[in-house]
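Biologist: Hello! Could you walk me through a few of the terms used for this model?

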Amino acid sequence: MQQPLHLHPDAKILIVGSGVFGLSTALWLARAGYHRVTVFDMQDTETAGYNPEAGTESASADINKIIRFSYGGEIEYQRLASQAADIWNEWNREIASMASTKPGDLPPVLRNGEPKLWYNCGFLRMGAGSEFSDFELQTLQNMEKEGARESQFRTDDDTDIKRASCSGWAHKLDVCRRQERFGVHKAVLDSSAGFVVAYKACAWAQYLARKAGVEFILHPTKGRVVGIDTADSHKTIVQTADGATHEGDLVVVAGGGWSAGLLPEANALIETTAGSVATIQLPKDRPDLWERFSPETFPVVTWGMHEGKDIYSFPRDENGVIKIGFRRTKWTNYCDIAGKRISVPKAVHVKETNIPIPALESIKGDRREVVKILEGKGDETVYGKMWKWRTSNAEKRNGLEEGEEGPRVLGKQRMASLEDWVF
């Protein structure tokens with residue numbers, strides 16, 4: 001990112017990437033009065049509506065993402081998430097209103113199915129042992145500090161259980177029947193949390209950004225950024241695959257896993273890794289299962305997060321798909337990029353449709369703050385200080401990278417076979 005100096009409403013701002021970070025940055029810049037904002041992407045995310053089934057390749061192009069307020073001792077993220085919840089509720093109301101009055105004005109992916117982005121289905125944080133982790137205890141302390149403790153229900157607290165029963169949340173306190181099956185169930189149900197339909201949320205945000213005046217160049221060559229020239233201290237030149245150059249007063253790289261390839265200076269700080277996700281398709285002739293795993297009955301669930309298990313799952317989506325994820329090990333994928341060996345995304349829908357054996361075995365068993373930072377006011381906000389660009393000369397710079405000799409390289413893994421998937 002070029003150093004933001006003397007930004008003015010006429011500044012030409014170029015954003016690389018139309019995923020969640022690129023979209024949110026563009027939207028809030030436009031709403032803050034910047035009227036020359038352009039977003040580049042090599043995928044036509046508008047036509048595809050970010051739908052992963054349409055082949056969109058992006059971490060943002062997912063069927064769902066967790067909305068949580070539990071961040072242990074990092075109370076700043078808890079506060080940011082709480083602020084974001086107000087916007088999710090506002091967007092739900094706006095979409096519902098349009099669906100009943102002007103459905104044709106909605107993005108195509110929001111015209112079918114339920115016209116809703118965010119589901120307040122609750123978030124059941126299950127511990128792996130007989131005691132709560134330090135992270136969970138810190139979360140509860142910060143919930144108390146912020147006046148949000150009433151939304152949290154501990155399964156080992158009779159008062160909380162009674163409150164959950166009175167408020168209609170008791171049926172989600174132990175959806176995996178752990179107390180009955182194992183004799184212990186340490187968990188906290190967060191009744192303020194849930195999930196969003198990620199690809200629909202991105203399609204909606206792009207729709208809003210376009211209404212606010214943001215320009216999008218979404219094309220395999222015209223929108224694909226292949227180089228960024230910062231030789232001029234006052235202007236940055238973005239080069240696209242069609243041979244064109246685009247001059248900007250400010251360039252924001254929001255390319256997700258591809259960012260390190262565009263910003264060599266970021267190699268010391270970031271490394272592209274991939275998690276493992278499995279999905280289960282519920283049969284349409286089993287209404288009992290559709291009901292059992294619906295958002296009304298089943299919350300978002302995590303098991304042993306920060307305790308070495310690192311499993312999460314969602315209620316079924318509107319198509320009957322249940323997503324289960326494994327976070328403990330993140331995989332790397334090294335390729336030659338501009339003469340360097342860099343870990344880059346391995347596209348799931350096109351190149352890799354299976355997961356490593358360790359992951360399968362485990363499964364079996366703010367938006368406005370960014371505008372302030374871009375305007376050079378980052379030191380005035382707590383988030384600006386938290387997200388400030390940093391450098392490191394340490395041998396292990398980001399706490400993850402092990403290089404191609406390490407055990408996390410995806411090419412070294414034994415991938416699950418059809419037989420391995422049998423439970």
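Modeller: Gladly. Contact means heavy atoms within 4.5 Å, and this is a predicted model.

Biologist: What covers the buried residues of α7?

Modeller: Among the elements covering them are α1 (20-31), α2 (45-48), β3 (65-67), α3 (75-101), β8 (194-196) and β9 (215-218).

Biologist: Why is α7 called largely enclosed?

Modeller: Buried means under 20% relative accessible area. In α7, 12 of the 14 residues are buried, so the rest of the structure largely encloses this helix. Tyr199, Cys202, Trp204 and Leu208 are among the buried ones.

Biologist: How do you know that the span of α7 is close to the expected one?

Modeller: The expected span is 1.5 Å times one less than the number of residues. For the 14 residues of α7 (198-211), 20 Å is expected, and the helix reaches 20 Å from its first C-alpha to its last. After α7 comes Gly213, with a positive phi near 105°.

Biologist: Let's move to Ser343. What makes Ser343 count as buried?

Modeller: The cut-off is under 20%. Ser343, in strand β19 (residues 340-343), has 4% relative accessibility, so Ser343 counts as buried.

Biologist: Which backbone atoms does the Ser343 side chain reach?

Modeller: The side chain reaches the backbone oxygen of Thr272 at 2.5 Å and the backbone nitrogen of Asn333 at 3.1 Å. A polar contact needs N or O atoms within 3.5 Å.

Biologist: Which residues does Ser343 touch, leaving out those up to four places away in sequence?

Modeller: Ser343 touches Gly257, Glu271, Thr272, Thr332, Asn333 and Tyr334.

Methods
Residues numbered from 1 in each chain as written. Predicted model: local features only at pLDDT ≥ 70, side-chain atom pairs only at ≥ 80, totals over all residues. Heavy atoms only, no water. Helix = DSSP H or I, 4+ residues; strand = E, 2+ residues; numbered from the N terminus. Buried < 20%, exposed > 50% of the residue type's maximum accessible area, 1.4 Å probe, protein only. Polar contact = N/O pair within 3.5 Å; in protein donor to acceptor, adjacent residues only side chain to side chain.
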